[in-house]
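Here is a short report on a two-chain model. It follows loops, helices, the core and the interface in turn.

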Amino acid sequence: MSAGLVRRVLRKPLGVVSGIVVILIVAGSFAAPLIAPHNPLEQNLRIVKQGPTVAHLLGTDSLGRDVLSRLLFGGQESLSGVLVAVVSMLIIAIPLGILAGYVGGITDRIILHVVDVLLSIPGTIITLAVLAIFNNSMFVAMVSVGVLASGAFIRVFRSAALSVRQELYIGAARVSGLGQVRIMAAHVLPQIRGVLLVQVTLFSAATLGIQTGLAFLAFGPPPPAPTWGGMVAEAATLIQTDPWLLVPTGGIIAITTLALCLLGDALRDANQERFTLAGLATAKRTRVDSAPRGMTSVVTASVTTATGVTDVAAPDPDEEAAIPAAPGAVLSVRGLTVGFGPAGRETTAIQRVDFDVLPGEIVGLVGESGSGKTVTALGLLGLLGANGRITGGSILLAGEELVGMSAARLREVRGARIAMISQEPMVALDPSFRVGSQIAEAVRAHERVSRGDAQMRTAELLEAVRLDPAVASRYPHEISGGMAQRVAIAMALAGRPEVLIADEPTTALDVTVQADILDLLRSIQEQTGMAVILVSHDWGVVADLCSRAIVMYAGEVVERATVAELFAAPKHPYTAALLRSNPHGAEPGKPLPTIGGSVPPPHQWPIGCHFAARCPLASADCLPAPIAMVHLDEERASRCIHIETLEAVQS
Amino acid sequence: MVRLIVTRLLLSVVLIVISSIAIFFLMSLVPGDPARTILGANATPDSIERLRQQLGLNQPLLSQYASWLGGVVRGDFGESVFSGDPVVKLILARVPVTLSLMLLSTLVIAVLGTGLGLLSAVRGGALGRFLDAISLVGLALPSYWVAILLVALFAVAIRIFPATGYIQFADNPGGWLLSLILPVAALSLGGVTIVAKQMRDSAMDVLARDYIRVLRATGVRERSIVLKHVLRNASLPSLTVLGLTVVGALTGAVFVENVFVLPGLGTMVTQATTSHDLPVVLGVGVFFTLFVIIVNLVIDLLYGVLNPKVRVR
């Protein structure tokens with residue numbers, strides 16, 4: 001494992017450079033007797049306080065001694081002090097940390113109390129006291145620094161050990177009879193190697209500061225012995241007459257500390273990359289053989305796609321896109337295309353999406369995960385995140401074009417004319433503020449009202465979602481999921497929107513609560529006359545509430561129909577298969593009906609029909625070119641060239 | 001809430017006892033004789049013995065500690081072995097200096113750190129990368145070295161600020177501030193970068209949360225979202241880090257006071273260590289421990305205020 005860690009660090013230029021610097025300084029210091037050009041104690045009063053010369057590369061100090069040589073020997077003193085502190089810290093922190101994290105229970109609690117005490121004791125005082133007692137012995141002082149600092153590191157190693165304890169192989173080791181100590185030494189310790197390296201490096205950096213600081217205060221080996229801190233103190237007194245001296249003396253400390261910190265940071269990043277896709281992506285990019293694709297979902301990750309993807313030309317817009325918006329339609333979407341990734345080279349997530357929404361109707365947007373329904377919903381609101389953008393098409397909200405709208409105007413439109421509630425109500429509310437204040441904030445975002453009026457409106461809204469107005473004083477963690485979803489609905493209604501997008505509003509809720517929420521949505525819609533776009537993968541919900549449905553698959557709309565007609569006679573093979581695979585329709589004793597294969601991710605969309613690979617009716621014609629939407633009648637459309645075949649099979 | 005404070009106070013008593021025991025017994029191992037140190041090399045054995053009697057140095061260690069502890073409870077920290085003045089008086093004379101330094105530094109770290117961190121999370125780009133880079137620098141550079149650098153730059157090369165010395169607030173508020181600018185800068189540099197980095201990381205994490213997107217969907221102003229919601233939620237982890245940096249600044253204060261020759265507790269304790277002045281070191285040790293405890297208590301209380309889940313109803 002550490003071989004992998006080293007390899008990963010070597011891939012970071014900063015890690016490599018800082019590692020080399022550290023090694024050079026350490027090696028140089030301990031090789032001082034061999035490589036120092038002059039005797040560090042040799043005085044030459046004829047060349048005092050000189051800047052850099054050929055003979056003395058870093059100049060001379062107030063007694064004519066060579067600064068470079070003194071720095072090299074001083075390094076020995078400082079770095080060995082740091083080593084002593086590090087070892088002292090580890091001797092205490094590793095056993096106690098692992099013990100606390102792995103064994104747990106009372107041992108853990110006792111150790112944590114010890115840690116609390118250690119962290120509260122003024123370490124400086126004790127270290128100074130130690131220096132006084134043991135006659136300026138820097139060695140003992142560094143031991144005390146290490147011991148006193150171990151408190152913080154016990155905590156770090158404890159959490160690392162805790163996470164290792166959960167691993168299955170530890171359980172296996174225990175079951176097979178290995179003793180606790182043996183497990184801790186042989187299994188837990190190696191796993192925290194990464195954390196250990198990082199902490200040791202960073203601690204060394206901090207300790208170097210302390211060690212040189214103590215030497216600066218004239219503790220430690222007395223003059224004329226060279227110490228980094230002592231040399232800085234001398235340089236400070238000579239600021240007026242020899243300002244150069246401050247540069248090499250302070251500089252070496254700063255460079256060493258900086259290099260250690262950068263190394264620690266690189267180690268930390270390398271250690272974390274074991275668990276992130278960023279690490280995987282960098283690893284695979286350097287290998288010649290193609291990595292398996294389909295690893296990441298384009299919607300969430302910003303990892304660029306593997307090499308070798310050909311740029312597929314965007315398909316022509318459907319004829320439908322040319323059909324003007326239905327008269328009186330509150331929302332009219334034409335040719336909507338959304339992409340994610342770097343500007344100009346986006347990967348398309350949805351394309352050629354056309355539909356209308358009339359005032360007062362509830363339209364279902366149906367599809368599996370990965371179909372693009374949430375992306376569509378977010379796209380309507382312009383909330384695609386920094387990585388996504390609308391790359392084509394138009395969205396008319398009662399005649400006003402939303403695509404390309406200014407941010408300020410868009411902010412006014414959101415909430416006031418088109419609003420959204422999302423899937424997870426518990427994370428939709430800010431945990432730090434009371435529920436009532438968040439609703440009031442939504443109210444005041446659109447109306448200039450006083451606090452008192454906002455509070456009254458909040459109470460009204462809570463009643464509208466069938467909650468006791470007293471709920472306003474509660475925090476989000478004090479209410480249930482169902483209540484939170486109602487609060488979210490209240491927030492969405494605050495601006496009196498014309499369109500409400502409900503993205504899987506009941507998926508995260510208990511079945512018993514689902515019915516209530518859906519009922520609430522229906523009654524609110526009846527009262528306010530809002531249009532609702534209900535995004536769902538649940539046919540039952542769609543059948544319950546929606547009058548029309550739009551079916552999406554792999555980023556495209558594949559069928560549009562009224563719900564009644566859709567259930568009676570679907571006109572697209574995907575819809576038909578989806579309806580058939582409903583577990584409620586399964587026959588006992590037979591395997592559950594499913595659709596073989598899986599939804600292709602955006603960067604793997606075929607040029608032809610996206611569903612062809614899984615379609616029982618697919619033929620050679622389905623593959624070479626994008627399939628256009630077939631307009632069947634007023635309300636009906638289907639993206640398939642085998643509609644008649646399907647009808648024949650159905651009858 | 002009350003229970004929290006009471007528990008903390010009890011814990012503080014325990015901690016003070018433990019720290020003082022540690023310091024006391026360590027200091028008692030000091031080679032050499034405080035009495036001899038005070039009276040000098042030419043002192044007669046008689047006078048040394050008399051001073052030892054006076055200071056109670058002939059008593060067994062345990063009773064020395066017991067009498068010290070008894071005194072502390074009464075508010076009497078004994079007298080300085082060196083000067084004879086009551087320790088409490090010495091400490092109180094110097095507390096305002098160290099307190100000014102610590103409070104101003106804490107303010108700077110909190111405000112600048114939070115502000116920079118938040119700004120870089122929201123704006124991103126160059127400021128963000130710059131912060132990522134210098135956060136390490138802040139951690140790396142020892143405060144005494146920064147102090148000297150600042151003196152070299154701003155007190156010697158360009159004479160704006162005084163290089164050393166401290167002016168009482170009562171005498172001259174302007175001068176007081178001026179004399180503290182460089183020390184505070186040296187002390188808070190590290191803390192600012194650490195808090196800013198933590199704040200930036202937390203704020204970026206919060207900005208990716210669902211409720212921020214919901215707030216945007218509701219049409220709330222971006223500025224309101226950042227200053228109200230992001231700040232509130234991102235402050236929690238930064239608060240813990242702030243507590244740690246403030247406690248760490250106590251160590252830095254000892255060095256910084258020495259560089260700038262500020263008449264505070266830091267310089268006093270350094271001198272007391274060199275001259276084996278046990279009562280003074282103990283007294284300062286108690287005060288430092290108290291300070292750490294108070295800081296931790298304040299942080300815990302603030303945490304309770306900011307995080308409703310922690311509060312007991």
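Where is A:Ala554 found? A:Ala554 lies in the loop between S9 and S10 of chain A. This is a predicted model, in which local features need pLDDT of at least 70, side-chain atom pairs count only at pLDDT 80 or more, and totals for chains, interfaces and linings use all residues. Residues are numbered from 1 along each chain as its sequence is written, while chains are lettered from A and ligands numbered from 1 in the order in which they are written. Helices (H or I, at least four residues) and strands (E, at least two) are DSSP runs, numbered from the N terminus.

**Loop residues**

Burial is counted on C-beta atoms placed from the backbone: a residue is buried if 20 or more others lie within 10 Å of its own, exposed if 12 or fewer, and partly exposed in between. A:Ala554 is buried because 24 other C-beta atoms lie within 10 Å. Its phi is near 45 degrees, a positive value in a residue other than glycine. B:Val261 also has a positive phi, near 50 degrees, and is not glycine. Most residues other than glycine have a negative phi. B:Val261 sits in the loop between H10 and helix H11 (265–274) of chain B. With 12 other C-beta atoms within 10 Å, B:Val261 is exposed.

| Residue | C-beta atoms within 10 Å | Class |
|---|---|---|
| A:Ala494 | 28 C-beta neighbours | A:Ala494: buried |
| A:Ala554 | 24 other C-beta atoms | A:Ala554: buried |
| A:Gly59 | 20 C-beta neighbours | A:Gly59: buried |
| B:Val261 | 12 other C-beta atoms | B:Val261: exposed |

A:Gly59 belongs to the loop between helix H3 (32–35) and H4 of chain A. Contact means that the C-beta atoms of two residues, placed from the backbone, lie within 7 Å. Leaving out residues up to four places away in sequence, A:Gly59 touches A:Gln50, A:Gly51, A:Pro52, A:Val67, A:Trp244 and A:Leu245. A:Val48 is 11 residues from A:Gly59 along the chain, and their C-alpha atoms are 8.7 Å apart.

A:Ala494 is in the loop between helix H18 (481–493) and strand S7 (499–503) of chain A. Beyond four places in sequence, its contacts are A:Gly415, A:Ile439, A:Ala442, A:Val443 and A:Leu461. A:Pro190 is 304 residues away along the chain, with 56 Å between the two C-alpha atoms.

A:Ile439 touches A:Ala494 in turn, as well as A:Thr458, A:Leu461, A:Val487, A:Ala490 and A:Met491, again not counting residues up to four places away. A nonpolar core is a set of buried Ala, Val, Leu, Ile, Met, Phe, Trp, Tyr and Cys residues joined through C-beta atoms within 7 Å. The largest such core has 246 residues, and A:Ile439, A:Ala490, A:Val499, A:Leu534, B:Ala147 and B:Ile148 touch the most other members. Helix H4 (residues 67–103) of chain A gives the largest share of this core, 17 residues.

Helix H22 (residues 573–580) of chain A has A:Pro573, A:Tyr574, A:Thr575, A:Ala576 and A:Leu578 as its buried residues. Their cover includes strand S9 (548–553), strand S10 (556–562), helix H21 (563–568) and helix H23 (643–650) of chain A.

**Chain B**

Chain B has 12 helices and 0 strands. Of its 313 residues, 42% are buried. Among contacts between residues at least 6 apart in sequence, 73% join residues at least 24 apart.

Helix H5 (residues 87–123) and helix H10 (residues 222–260) of chain B pack at about 145 degrees, with axes 9 Å apart. Axes are lines fitted to C-alpha atoms, for helices over the stretch in contact, and angles run from 0 to 180 degrees between N-to-C directions. Residues meeting here include B:Leu101 and B:Ile109 in H5(B), and B:Leu242 and B:Val246 in H10(B). The contact divides into 12 nonpolar, 6 polar and no charged residues. In this scheme Ala, Val, Leu, Ile, Met, Phe, Trp, Tyr, Cys and Pro count as nonpolar, Asp, Glu, Lys and Arg as charged, and the others, Gly among them, as polar.

**The interface**

How many residues of chain A are in contact with chain B? The count is 59 residues of chain A against 56 of chain B. H6(A) gives the largest share of the chain A side, 10 residues. By class, that side has 36 nonpolar, 16 polar and 7 charged residues.
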